[in-house]
Amino acid sequence: MKKRQAGTWFLEVLTALLFVLSLLPFFIVLINSAKGPFEVTNAPLQLPERWGNIWRNVALIWTSDNIHYSQSFFSSLVITVSSLALLNFLSAQAAWVLVRTKTRTSGAIFLIFVAAMVIPFQIVMFPLLSWFRTITTFTGIPLLRSYAGILLAYIGFGMSQSIFLFHGFIKSIPLELEEAAIIDGCSRPEVFYRIVSPILKPIHATVLVLNGIWIWNDFLLPLLILGKGNAIQTIPLAVANFAGAFVKQWDLIMTAILMAMIPVVIFFLIAQKSIIKGMVAGSIK
Amino acid sequence: MKRKSDSNFVFWLFLAPVLFAFAMVIVVPFILGVYYSFTTWSSSARVGDGTRFVGLKNYVESLADPAFAYSFIITIGYTVINMAVINMAALALALLVTTKIKLRNLYRAGFFIPNLIGGLILGYVWQFIFNNAMPSLGTMLGFTSWADPSNLILASNIKAIGAIIAAGSWQYAGYIMVIYVAAIENVPQELHEAAQIDGATALRRLFVITIPLAAQAFTITLFLTLVQSFKQFDVNVSLTNGGPSTMFMGKPIFGTELLALNIYDTAFLSNNLAMGQARAVIFFLVLAMVALVQVSLNKKREIEL
């Protein structure tokens, strides 16, 4: 009994140490967000002389014409929320007809979607740009540096995995429910929106979490479609534009990073359980 | 008969939006991309404009380019080491947070959180740690050599690749950990109790019960870490952006330029879009091969079970 307690005590201490170690980078960001330019380079590991500086730095970043943080935050929010709404809505209904239609066409379409999951972004990214530019030339619809273009891209790149996840879930829903609704006089779209959709809530959460983390943090796709320093840019683009500059103002970079992290961390603290569950469920499928 | 055509209509109606997006951003660019890799395509060209067919020229030149060969080699090395580091760290963390220690839920959340922050932003945090915090720590501890600019971790290409591994593992291990945790918690408690009665030590139970029964998770975690490492771009850009430069096969090249960054730089930095596209096709073929091997191994294992 004594020995067992000593062993547990050792594990407790070890895990606590690793925990502190793994949160240390966040702590370094926090303390350096409250420093001035001189202090940040001379004493990067000391606690700040005046914590109050953090508000001055936050205000500087929020209003700076160099980083456009407030506009970027707004753009990131618009892009993430609209892409998620469209992806969930469109993938769920597509997956449902693919499961409930047992024809060769339906099977082939699903197979092609699944196969497309191995296509890396790298092979399509350059031609995507010239293809979008060409469409704009012929139709006048701006797809580069525009919300329309990036939303279309996120639907296209996110739909395969989303449909795959919905497909697996819908397969397990008994058909009797839908047959009964048809006998009661529901049309097929009504069956989907009234009967099936409410059952899909847990899988919607999984798809939201997986796509949400991806889209909010994504860098390469927005870099190509929106570009750094343009009217519409996401937070990672804004941070890259600011932090990638030749002269490194680390105090302000750290503040910008802190402000980029805070929304995600708050979101995680609110929805921790479903986020971890969603990430696990999404990986296992 | 009417029912049939009616349901056919709903089928296409519900699929139309995703089919449109799929065609626009995957099918058409994919076909164009494969075609462009055999031409003299340049960045200013619109679809079909002034490109000349040159056969395998872009591929042959890519394979003969030391920078590409170097990127390939370091990407394979990076992938293997990164997979090993992430999986060992994640498994160890998972075993720790599934013991009966207090605060285990808090620890799980803490280890998981770095995964929610994008690789681009984390790369800058680690750049600050390696370039500013480490020299300062060295001075505090009396190792003045740490503060010498030529001794910085990011100043040597091999150490800098190690830095990318450190930053990337710190980000990804928490995610892989939660997958292991789910697998470990699925192992029936009765097995452990029975083994304990038979006198098996904790270590023996780990190797005889937990690891074999959680093996399903290994297929997933190894595949996820493999693909994630092979495609690494964000941390690479913000932590080292390819630097420092080094010599390879008699040519000066970027010392930490992984494949994804090499593809990007070939297209935009060297302004050779067609060549970058050819490299992207090679990148795709390697990834597709890995995925095929993975699927067939999975099938084989499922039969054995």
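## Overall fold of chain A

A helix is here a DSSP run of H or I that covers at least four residues, and a strand is a run of E that covers at least two. Counted in this way, chain A has 13 helices and 0 strands. Read from the N terminus, its elements are α-α-α-α-α-α-α-α-α-α-α-α-α. The model is a predicted one.

Chain A has a radius of gyration of 24 Å, whereas the globule rule gives 19 Å for 285 residues, so the chain is more spread out than a compact globule. Along the principal axes, its C-alpha atoms fill a box of roughly 75 × 75 × 35 Å. Of the 285 residues in chain A, 41% are buried. When contacts between residues at least 6 apart in sequence are considered, 70% of those in chain A join residues at least 24 apart.

## Contact between the chains

Chain A gives 69 residues to the contact, and chain B gives 71 residues. On the side of chain A that touches chain B, at least two residues each come from helix H1 (2–32), helix H4 (69–100), helix H6 (121–139), helix H7 (147–171), helix H9 (188–199), helix H10 (201–217), helix H12 (235–243) and helix H13 (250–284). H13(A) has the largest share of this side, with 15 residues. Sorted by class, the side of chain A that touches chain B consists of 51 nonpolar, 15 polar and 3 charged residues.

## Packing of H4(A) and H12(A)

Two packed helices are described by the angle between their axes and by the distance between the axes. For H4(A) and H12(A), the angle is about 150° and the axes are 8 Å apart. Angles over 145 degrees count as roughly antiparallel, and H4(A) and H12(A) are therefore roughly antiparallel to each other.

H4(A) brings A:Tyr69, A:Ser72, A:Phe73 and A:Ser76 to this contact, while H12(A) brings A:Ile235, A:Leu237 and A:Ala238. By class, the residues where H4(A) meets H12(A) are 5 nonpolar and 2 polar, with no charged residue.

## A:Phe110 in chain A

A:Phe110 is part of helix H5 (residues 104–115) of chain A. It has 19 C-beta neighbours inside 10 Å and so counts as partly exposed, since a buried residue needs 20 or more.

Leaving aside residues up to four places away in sequence, A:Phe110 touches A:Leu98 and A:His167. The C-alpha atoms of A:Phe110 and A:Ile163 are 8.5 Å apart in space, and the two residues are 53 residues apart in sequence.

## B:Thr39 in chain B

B:Thr39 sits in the loop that runs between helix H1 (2–36) and helix H2 (57–64) of chain B. Because 20 other C-beta atoms lie within 10 Å, B:Thr39 is buried.

If residues up to four places away in sequence are not counted, B:Thr39 touches B:Thr51, B:Arg52, B:Phe53, B:Val54 and B:Ala274. B:Thr39 and B:Phe283 are separated by 244 residues in sequence and by 18 Å in space, C-alpha to C-alpha.

## Helix H5 of chain B

Helix H5 of chain B (residues 119–141) has a kink of about 35° at B:Ala133. The kink comes shortly before the proline B:Pro135. After H5(B) comes B:Gly142, which has a positive phi, near 95°.

Terms used. Residues are numbered from 1 along each chain as its sequence is written. Chains are lettered from A and ligands numbered from 1 in the order in which they are written. This is a predicted model: local features need pLDDT of at least 70, side-chain atom pairs count only at pLDDT 80 or more; totals for chains, interfaces and linings use all residues. The bend at a residue is the angle between axes fitted to the seven residues ending there and the seven starting there. Two residues are in contact if their C-beta atoms, placed from the backbone, lie within 7 Å. Ala, Val, Leu, Ile, Met, Phe, Trp, Tyr, Cys and Pro count as nonpolar, Asp, Glu, Lys and Arg as charged, and the others, Gly among them, as polar. The radius of gyration is taken over C-alpha atoms; the globule rule is 2.2 Å times the number of residues to the power 0.38. A residue is buried if 20 or more other C-beta atoms lie within 10 Å of its own, exposed if 12 or fewer, and partly exposed in between; C-beta atoms are placed from the backbone. Axes are lines fitted to C-alpha atoms, for helices over the stretch in contact, and angles run from 0 to 180 degrees between N-to-C directions. Angles under 35 degrees count as roughly parallel, over 145 as roughly antiparallel, 65 to 115 as roughly perpendicular and the rest as oblique.
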